[in-house]
Amino acid sequence: MQSENSIYNKKTHGMDKFLYGCIYLSAAIAVSVLLMIICYVTVRGIGSVSLEFLTTVTSARKGTVGIAGNIVNTLYIIVITLVIATPIGVGSAIYLNEYAKPGKIVRIIEFTTETLSGIPSIIFGLFGSVFFGTTLHLGYSLLTGALTLSLMILPLITRNTQEALRTVPDSYRSGALGMGATKWHMIRTILLPSAMPGIITGVILAIGRIVGESAALLFTAGSGYLLPKAGGWLSKILQPGGTLTIQLYLSSSKAEYNVAFGIAFVLLVIVLCINFLTKYLAKRFDVTRMK
Amino acid sequence: MENTKISVQDLNLHYGTNHALKHVNMEIRENAITAFIGPSGCGKSTFLKCLNRMNDLVENVKIEGKVLIDGEDIYSPKADTTLLRKKVGMVFQQANPFPMSIYDNIAYGPRIHGIKDKATLDQIVEESLRGAAIFDEVKDRLKKSALGLSGGQQQRLCIARALAVQPDVLLMDEPTSALDPISTLKIEELMVELKKKYTVVVVTHNMQQAARVSDDTAFFLVGEVIEFNHTDDIFARPQDKRTEDYITGRFG
C-alpha cells in the first residue's frame, strides 16, 4: 500500500508529451524545408555547373555559357566593400566602446546604427544610385555598388566589433594601462587581438550579405557579365558589372532556368564555405584558446 | 619619518558628490611594506590607486592635494602617466594575465617602454620571473599561454610582469584575496623578499597578513586615516578606540 507521501505515484503528463511532439515537429519542418531547398537547387543546378560554366563568359560567337565575369565582379565588390567598410566599422566601434563617454550621444548613434541595419536594401540602392552614381558622377560602376554596400554592412561590422570589445575583461585594460601603456597601445596590443574572433565573424557575415545582395546592386553596379580586359583590372572598378545574384535574377527573368539554377548552386556552395570559414577563423584567432 | 619615498599631503578625492578620501596625509617609507587595512568601502583601495593615478580612468573623479614621489608631485601638469606607472607598478586583486604567452606577458611592459632587443628581453623575462619566485615553475613553458597557469601562479606572473619594467614602488590591491592559503603564503614570502629592492604598498582585508608582513600600517575608516604607525605599535598598542575595535574584530 503506497502512502500519499510516496514518490511512486508517477503520472503520465499528457500535455507535456503533446507539447514535446509539437516542438519536435517544428524543428523537423524547419530542417526539412532547408534540406529540400538545398536538394532541389543541387539537383536542378549541378548539371549546369562545369569547368566551362565557371571559367568562361557567355558568348554567342564562341557558343559558351559561363559566369566567370560575374564571379570576378562578385570578388571585386567583396574586396572593395570590405576595404572601405572594415576600417570605418572597426574604428567606430572602438570609438563608441573605448573613447566616447557613455550617454545620450552614444545611445543615439547605436540606435541609428540599429535602424540602419533594418532598412530594406533597395532603399540603400536608391540612395546609392542617386548620391554616388549621379551626384558624385560615378555612374553605374562596381565602385558605386561597393560604396552602397559599405553603408549597408557598416552596422554589421560595428555591432559585431562592439560586442567583441565588450567581452574583453576590464582587468586587461587596467592591467595594460597600469603598466604605463597608452590607450591606443593598449587597444592595439590587447583589445584588438582579444576581439579578433568577433571582428572576423562580423566581416564574414558581411561577406555573406554582399554575396547575397541583389536589390541594392541592381541600381548601382549594373549588370555587365564580361571579364575585365587584359591590363584593365583597375579601370574595371569604374565600369558596371553584375554579381552572381544579379546574373541569377537576369537569367531567370529570361527564363534561362538552367543557368539560374547553376548560379544558385554555386551561391549555395559559396555560402556554405563562408560559414565553415567563419567557424575556422574565429577559432584560429581566439587568443584565449592558445595552448 | 626617515627615508620617505612617498609623501601624501592633504589629499582629497571626490566621486561626484561623494567625498571618498578626506584630508589624507601620509609618509610611506622606502624599502618597507606599508599595509592599508579597514572595512570595505573605507577608501583604502581608492587611495592606493591615487598613488599611480589609476583613478584618472574613472569618470567624475576630482582629486586635490599632493602626492610626492621622490619629491615630485605626480599630479603636476608636467607629470607623465606613462613614466609614473613605469616607476609605480601595480598588482591587482584579480590576477589579470593577458591572453598571450607567459614570455609576452612579461615582455609587455618593457616593450611599451621601447626595449626591442631579443637578448635584453630574454634577460628581463628571466630576472622578473625569478624575482617573483615563479621561474622554475614556468621555465619550460614560456611560449605557452599564461591563461593555463593556476590562480596563484597567475598572480605571481602578474607580480613578475610588474617587476619587468623595473619600478621603484609596487602597489598591491588585495593581491591574495582570491588565492588559497599556500599560494597566499608564497606571495607573502615574496613580498618580504621584494621590499629589499622596492617600496611595497599593500591593501589587505586580512589583518593577520598586515601583522605578518608589513612594517607600517594605516587604518582607514570612511575615507579618513584613523591611525598610521609602525605595524607592531598599531597591533599591540592602538591609540584610537576605533582601531582597537577593528583589529580585535569587534566590527568590519
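Residues are numbered from 1 along each chain as its sequence is written, and chains are lettered from A in the order in which they are written. Because the model is predicted, local features need pLDDT of at least 70 and side-chain atom pairs count only at pLDDT 80 or more, whereas totals for chains, interfaces and linings use all residues.

View 1. Residues 190–211 of chain A are 100% helix and 0% strand, with end C-alpha atoms 32 Å apart, while residues 138–157 of chain A are 80% helix and 0% strand, with end C-alpha atoms 25 Å apart. Helices (H or I, at least four residues) and strands (E, at least two) are DSSP runs, numbered from the N terminus.

**View 2. Helix H11 of chain A and its surroundings.** Helix H11 (residues 257–284) of chain A has 28 residues and reaches 40 Å from its first C-alpha to its last, close to the 40 Å expected at 1.5 Å a residue, where the expected span is 1.5 Å times one less than the number of residues. Among the buried residues of H11(A) are Val259(A), Phe261(A), Ile263(A) and Phe265(A); a residue is buried if 20 or more other C-beta atoms, placed from the backbone, lie within 10 Å of its own. The cover over the buried residues of H11(A) includes helix H1 (14–45), helix H2 (51–55), strand S2 (64–67) and helix H10 (244–253) of chain A.

**View 3. Val168 in a loop of chain A.** Val168(A) sits in the loop between helix H6 (142–166) and helix H7 (170–178) of chain A, and it is buried, with 20 other C-beta atoms within 10 Å. Apart from neighbours within four places in sequence, Val168(A) is in contact with Leu191(A), Ser194(A) and Ala195(A), contact meaning that the C-beta atoms of two residues, placed from the backbone, lie within 7 Å.

**View 4. Where chain B touches chain A.** The contact takes 23 residues from chain B and 18 residues from chain A. On the side of chain B that touches chain A, the elements giving two or more residues are helix H2 (81–87), strand S6 (88–91) and helix H3 (102–112) of chain B.

**View 5. The six-stranded sheet of chain B.** Six strands of chain B form an open sheet with mixed pairing, in the order S6-S7-S8-S3-S9-S10; S6 and strand S10 (224–230) of chain B stand at the edges, each with a single partner strand, so one side of each is left without a neighbour in the sheet. Two strands pair if DSSP finds at least two bridges between them. Strand S9 (residues 216–221) of chain B pairs with S10(B) in the antiparallel sense over six bridges, and Phe220(B) stands opposite Val225(B) in S10(B).

**View 6. The four-stranded sheet of chain B.** Four strands of chain B form an open, antiparallel sheet in the order S2-S1-S4-S5, with strand S2 (18–29) and strand S5 (72–73) of chain B as its edge strands. Strand S1 (residues 4–15) of chain B pairs with S2(B) over eight bridges in the antiparallel sense, and His14(B) stands opposite His19(B) in S2(B).

Definitions and conventions. Buried ≥ 20, exposed ≤ 12 C-beta atoms within 10 Å, placed from the backbone.
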